[in-house]
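Visitor: I would like to learn how to read the contacts in a model of this kind. Where should we begin?

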Amino acid sequence: MKRKKYKFFLVFTVLSALFPIGFMIVISSYLNRYGIEMTGSEWTQTSTPLLFNLAVLPKFIGPVIFLFVFLYFLKKWLDYRKEKEQEYDEKVVKPAINQIIPGAQFIREKSMDATGLYRCGLVPSFDMDKEHGIIHYQREGRAYSFSNVDLYHVRENSKGHTENISIYRGQAYTAHYRTGISGAVRIFATKMTPVIRKETTAGYLARQKTEMKIETESILFNDNFDVYVTDEQSAFFVLSPYVMEQLLEMKNRFGQVGVYVDGDDMIITLKTGRILFQKRLYSPEQELRYIEEVKKEAGEMLGMADLLEDTINGNIRNNFTNL
C-alpha cells in the first residue's frame, strides 16, 4: 500500500474525529436561536424532543464513528504489516538461507518441538514456547533441521497480572553421529560456584531410571557439565578429550550448551540469548543489506553446529574461538 493512501487515511481519520464536534456546534447554534440551553434542567422540560435528541446524538455517535474508523485503519495497518513481513521472508530470508544451504526450506510459523527437547534434557521446563522459524535441509542424503527456541514461564505478579518470563532463547539443531552408539548420551552445561563447586541448572530433566550419571577424567569438564548415559561405554565414544575441550569453549561463549546422542541421531542446543531471522517489514532499498545480515546470521550459527557435529564425529578442523 502506497504512502499517499496512508496520508489520505490519516486526513480522513482526523476529519471523522472532528465531525461530532462540528455537528455539536451547529446544533448548539440552532437551539440557541430558540432560547434552548445545551445544559441544565431545561432538557427535561423542553417540548422539542426531536431537537433534544439531535443535540444529544453527537455525544454518542462521535465516539462510535471514531471507534469504527480507528478499527478500520488498524486492520489496514495490520494487513499491510503482514504483507510486508511475508514479502521480507520471500525476498530476503529464504533467498539468503538458500545461498548458504542450497535447497533449504524455511518455515516462519514453526519451530522444533520444545517438549521433545525437554525430554532429551537439553532445555529447562517451561510453560509456553513461541515459534520463530525452522530450516529443513538435506545433506548427504540425510535430513537436518535448525530452529529457533524461545521458552517462557507464565507467572502472576503482585498486582495479579499474568507475565511471560523468558527463560531460554537460542537455537537447536539436529545432526548425525556416524559411529551409531548403542545407548543414549546427554550432556548439558551446569553452573559452577566457588564454594560448592557445582550447582545443576534448575529446571532441567533429572536423572531417569534408565540413566546413570558419570564423570570424566577431566575435573574442569565435570565442574561445568553433567553427563547422563544409558550405557557407560557410549559416553567415552562421544566424549573424547578434544570434544570436551570444544564444549568448554562453547560454554564460555554462550553459557549453556547441550548435546543429546541416541544411536546415530544427535541434537545440539545453544542458549545464545537471541532469536535469528526476526520479522521485518520489507524495503526494496534495504534488500541487499538485509540479505547480507541474514546470510551472516545463518552462516555463523549453522557453521557452529557443523563444527560441533564434526568434532563429535572425530573430524578436527578448527576451534570455536575462530567462529
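Guide: Begin with a definition: a salt bridge is a side-chain nitrogen of Lys or Arg within 4 Å of a carboxyl oxygen of Asp or Glu. K84, E87 and K91 are linked in a network of such bridges. Keep in mind that this is a predicted model.

Visitor: How many salt bridges does that rule give?

Guide: The count comes to 18. One of them joins K75 to D79, with the closest N and O atoms 2.9 Å apart.

Visitor: How are K75 and D79 placed in helix α3?

Guide: The general idea is helix geometry. An α-helix has 3.6 residues a turn, so residues three or four places apart point the same way. K75 and D79 are four residues apart in helix α3 and are therefore separated by about one helical turn. K75 has a relative accessible area of 53%, so K75 is exposed. D79, at 38%, is partly exposed.

Visitor: Which salt bridge links distant parts of the chain, and where are its two residues?

Guide: Take D306 and R139, whose closest N and O atoms are 2.9 Å apart. D306 lies in helix α8 (residues 287-312) and R139 in strand β3 (residues 134-139), 167 residues apart. With a relative accessible area of 18%, D306 is buried, while R139 is partly exposed at 27%. The charged end of R139 also sits over the ring of Y144, 5.2 Å from the ring centre.

A further salt bridge is formed by the side chains of R186 and E211, at 2.8 Å from N to O. R186 belongs to strand β6 and E211 to the loop between β6 and β7, so this pair ties together parts that are 25 residues apart in sequence. Both R186 and E211 are buried.

Visitor: How many aromatic pairs are found in the whole structure?

Guide: The search finds 10. In one of them, W77 and Y80 are 5.6 Å apart centre to centre, with 35° between the planes, and the pair is tilted. W77 and Y80 are both in helix α3, three residues apart, about one turn of the helix.

Visitor: Why is the pair of F188 and Y204 stacked?

Guide: Planes under 30 degrees apart count as stacked. The ring planes of F188 and Y204 are at 5° and the centres 5.2 Å apart, so the pair is stacked. F188 is in strand β6 (residues 184-189) and Y204 in the loop between β6 and β7 (212-214), 16 residues apart. F188 counts as buried at 0% relative accessibility, as does Y204 at 11%. Elsewhere, ring pairs link F106, F146, Y173 and F277 into a cluster.

Visitor: Which residues make the nonpolar surface patch?

Guide: L67, F70, L71, L74, W77 and L78 make a patch of about 550 Å². L78 lies in helix α3 (residues 49-100) and is partly exposed, with a relative accessible area of 46%.

Visitor: How far apart are the ends of helix α7, and what span should its residues give?

Guide: At 1.5 Å a residue, the 14 residues of helix α7 (residues 241-254) should span 20 Å, and the end C-alpha atoms are 20 Å apart, which agrees. Buried residues of α7 include Y242, V243, M244 and F254. After α7 comes G255, with a positive phi near 90°.

Technical notes: Residues numbered from 1 in each chain as written. Predicted model: local features only at pLDDT ≥ 70, side-chain atom pairs only at ≥ 80, totals over all residues. Heavy atoms only, no water. Patch = residues over 30% accessible without salt bridge, like charges linked within 9 Å, V, L, I, M, F, W, Y side chains within 5 Å. Areas by Shrake-Rupley, 256 points an atom, 1.4 Å probe, with all protein chains shown as cover. Buried < 20%, exposed > 50% of the residue type's maximum accessible area, 1.4 Å probe, protein only. Phe/Tyr/Trp six-rings, centres within 6.5 Å; stacked < 30°, edge-to-face > 60°. Lys NZ or Arg CZ within 6 Å of the ring centre and 35° of its normal. Expected span 1.5 Å × (residues − 1).
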